[in-house]
Amino acid sequence: MPTPTIRATSTASLDLSSGLAARPVYVRVRDLQHSFGEGETKKQVLFDNHLDVYRGEIVIMTGPSGSGKTTLLTLIGTLRTVQEGSLKVFGKELRGATRNEVVALRRQMGFIFQAHNLFASLTAFQNVHMATELFDGNRHETDQSIRDLLKRLGLGERIHYKPDSLSGGQKQRVAIARALIHRPKIVLADEPTAALDELSGREVVTLFQEMASEHGCTVVIVTHDNRILDVADRIVNMVDGRIKSDVLVHEASVICEFLKGFPLFADLTPRTMTEVADKMMVERVDPGDYVIRQGDPGEKFYLIRSGKVDVLVDQGNGPERVASLGEGAYFGETALITHEPRNASIVAVAPSIFYTLGKQDFQAVVDSSATFEEELRKAIFDRQ
């Protein structure tokens, strides 16, 4: 059995310290599937999704209607039951979680829905106050915080109005205040600015930014509102139930610089390289996690941004380590080029972050650059 292709390039001159590796992962999605219905009416709506969301990040999920964004959001929020795959929130696996565990997680979340879900018999103040009743605190300070927040959201003169006396945008702002008042660790928002004018919408996303930067709150937003894309740390695009791209907004240029150090990408035009960077996913693994298993089909190409992995080959006597790879190495191309199963396992031996390129996007790069394919095939041949 041929050993896996191993190449590396120096990245010592690049600033790759985004701080992600030092942040806790608040949401981790692995191989997540989801279906609606049973039997002949069963329809799968999420397919093989992977995603990491870190403390203090603002993540915007985009994509056409029906692409699975809201379904994924409600799964993260424990509002639906995880069927297949793994979904962890604050390190707690949701699949098989008990009711008490789910309740404890929900107390650390804030939810903003397209439907405002306000109580018609309660005033704006009372609707927001309900979100604080499960938490200990000084009543006077809590009441003042509610008044201050509603005032900031432009509802200072409508604090004691009931929902029937509020416009759609005003109801939405009450719902936003209710989601934020207890300073949750995660805010899950479905079209939070859709009913708001530009000024109100900007005030809302500014609040999100303050919560993220000052309190480490993670904000995940499903939206079609292009006006707020500028606040995102990460933009996740979903199509037909699959995460098609996961881009760290402020990192695209760093990825391009990273790619320039590889002979593989040297022939790409700046425009093509930028397109490749935009399609690259960012994935994080912990020590002991298997990145690739020998015998599995090839689905991704990997570049190691930081960390370390071992390459294990099993020739019938158990896995043996044949190499260790660190920052700047790449792996996973052999199976994508030969269309054969993975010829080795890759396991993390340190916290690691990868840039990954899916099979179709990898093939698109191969098709666009003759030297890219030549370099890969030469590397594969040299290792046999």
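Two rings of Phe, Tyr or Trp form an aromatic pair if their centres lie within 6.5 Å, and a pair whose planes are over 60 degrees apart counts as edge-to-face. In the predicted model described here, the structure holds seven aromatic pairs. One of them joins Tyr26 and Phe90: the ring centres are 4.9 Å apart and the planes meet at 85°, so this pair is edge-to-face. The two residues are 64 positions apart and link distant parts of the chain, with Tyr26 in strand E2 and Phe90 in the loop between strand E5 (84-89) and strand E6 (92-93). Tyr26 is buried, at 11% relative accessibility, whereas Phe90 is partly exposed, at 22%.

A further aromatic pair is made by Tyr302 and Phe354, which is also edge-to-face, with 5.7 Å from centre to centre and 85° between the planes. Tyr302 belongs to strand E14 (residues 300-306) and Phe354 to strand E19 (residues 352-358), so the pair ties together parts of the chain that are 52 residues apart in sequence. Tyr302 has a relative accessible area of 6% and is buried, because buried means under 20%. Phe354 is buried as well, with a value of 0%.

Lys185 lies over the face of Phe90, at 5.5 Å from the ring centre. Arg242 lies over the face of Phe47, at 4.3 Å from the centre of that ring.

The protein as a whole has eleven helices and 19 strands. Of its 384 residues, 50% count as buried. Among contacts in the protein with a separation of 6 or more, 74% are between residues 24 or more positions apart.

Apart from neighbours within four places in sequence, Leu149 is in contact with Ala177, Leu180, Ile181 and Leu207. Ala177 is 28 residues from Leu149 along the chain, and the C-alpha atoms of the two are separated by 6.5 Å.

The space in the largest pocket amounts to about 1,300 Å³. The lining of this pocket consists of 37 residues, and those nearest its centre are Asp31, Asp48, His50, Glu283 and Lys300. Strand E2 (residues 25-36) gives the most to the lining, with five residues. Sorted by class, the lining has 19 charged, eleven nonpolar and seven polar residues.

The backbone was also examined for its phi angles. Most residues other than glycine have a negative phi. Thr78 has a positive value, near 65°. Thr78 is found in the loop between helix H1 (69-76) and E5, and this residue counts as buried, at 9% relative accessibility. Arg183 likewise has a positive phi, near 50°. The position of Arg183 is in the loop between helix H5 (168-180) and strand E8 (186-190). At 59% relative accessibility, Arg183 counts as exposed, because exposed means over 50%.

Definitions and conventions:
Residues numbered from 1 in each chain as written. Predicted model: local features only at pLDDT ≥ 70, side-chain atom pairs only at ≥ 80, totals over all residues. Heavy atoms only, no water. 1 Å grid on protein atoms, 1.4 Å probe; cavity = no way out; pocket = protein on both sides within 12 Å on 5 of 7 lines; lining within 4 Å. Points joined across faces, edges and corners; volume = space filled by probe spheres on them. Helix = DSSP H or I, 4+ residues; strand = E, 2+ residues; numbered from the N terminus. Nonpolar A, V, L, I, M, F, W, Y, C, P; charged D, E, K, R; others polar. Phe/Tyr/Trp six-rings, centres within 6.5 Å; stacked < 30°, edge-to-face > 60°. Buried < 20%, exposed > 50% of the residue type's maximum accessible area, 1.4 Å probe, protein only. Lys NZ or Arg CZ within 6 Å of the ring centre and 35° of its normal. Contact = heavy atoms within 4.5 Å.
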